[in-house]
Amino acid sequence: MVRIGRRAMGCAGLVLLAQVTVSVVHAQADTAHSIFDLTNQDRKAQGLRPLEWNAALAAAAQAHAALMAQQQQLSHQYPGEAELMQRAVQAGAHFQAIAENVAMAPDVDGVENAWMHSMPHRTNILDPKMNALGVGVVERDGNLWAVEDFAQASQTLTPQQVEQEVSTLVKALHVDPSGPATEAEQACAIEKGLPPGSKARSVVRFETPDLSQLPSGLAQQIGNGQFTKAAVGACAPRANNPAFTTYRVAILLY
């Protein structure tokens, strides 16, 4: 009976510990979202679009905030820790640009005020290119150790989605993009020249992180009136840095 009683007490202790841990996690999450809201308020005051909450960036930021609280000093990287881009990639983020703010203050207002009165941190908060944010917070000894990881986040698109995006840009140049995609995909996969048997007159290849527009000079080359039809093909990017999402494309011109 005594042994059973001890086991019951041990289980109760474990349940209590779990409840306390969950409460701490929830409190940290609430504080992180409060900082997120303040950051978007500062952006709104400057006429900037709000940032979207990004769970992958938040996970990376939370892990770094925990290290800051443990080390009791502000830093963007500690010995043995991966640098910012690698941390974000490991957490599952996809982006074209990334930046980080770190701070220690007694409360969320103190954190945000410190950032907004520091030019490098303020620049990150008000960067119009950034569209995603994750916040991590750890409370220790009455202070908040806070991290903001900003990103110009990019979507992970399938080759077919990439082709569709680029085809829309080509069509806007009054060139019909309905040529054979499989042939353009073959052209994308090779370094130079045309695929065997292709009737295309020319080919252009490029790799870009931004599918909202064609690379500089390329629009003029495609829409110069020499071509009436095109085929768009996408393939695996060659970029060596896994931190950045890029898209590799070939356009056959007829």
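Me: How many disulfides does the count come to?
Reply: One disulfide, where a disulfide is a pair of cysteine sulfur atoms within 2.5 Å. Keep in mind that this is a predicted model: local features need pLDDT of at least 70, side-chain atom pairs count only at pLDDT 80 or more, and totals for chains, interfaces and linings use all residues. Residues are numbered from 1 along each chain as its sequence is written, and side-chain values use heavy atoms, with hydrogens and water left out.

Me: Which cysteines does the disulfide join?
Reply: Cys188 and Cys235, with 2.0 Å from S to S. The pair links distant parts of the chain, 47 residues apart: Cys188 is in helix α7 (residues 181-189) and Cys235 in strand β6 (residues 230-235). Helices (H or I, at least four residues) and strands (E, at least two) are DSSP runs, numbered from the N terminus.

Me: Left-handed or right-handed, and why?
Reply: Left-handed, because the torsion about the S-S bond of Cys188 and Cys235 is about -70°.

Me: Is Cys188 buried or exposed?
Reply: Cys188 counts as buried, at 2% relative accessibility. Cys235 also counts as buried, at 18%. Buried means under 20% relative accessible area, exposed over 50%, and partly exposed in between (1.4 Å probe, protein chains only).

Me: Now the sheet. What order do the three strands have?
Reply: The order is β5-β7-β6, in an open sheet with antiparallel pairing. Two strands pair if DSSP finds at least two bridges between them. β5 (202-208) and β6 stand at the edges with a single partner strand each, so one side of each lacks a neighbour in the sheet.

Me: How many bridges do β6 and β7 pair over?
Reply: Six, in the antiparallel sense, with β7 spanning residues 247-253. Val232 stands opposite Ile251 in β7.

Me: Which strands does helix α6 touch?
Reply: β5, β6 and β7; helix α6 (residues 159-171) packs on the sheet, and its direction makes about 145° with that of β6. α7 also packs on the sheet, touching β5, β6 and β7, at about 50° to β6. Axes are lines fitted to C-alpha atoms, for helices over the stretch in contact, and angles run from 0 to 180 degrees between N-to-C directions. Contact means heavy atoms within 4.5 Å.

Me: Different topic. Where is His64 found?
Reply: In helix α2 (residues 55-71). His64 counts as buried, at 0% relative accessibility.

Me: And what is His64 in contact with?
Reply: Leaving aside neighbours within four places in sequence, its contacts include Tyr78, Glu81, Arg87 and Glu100.
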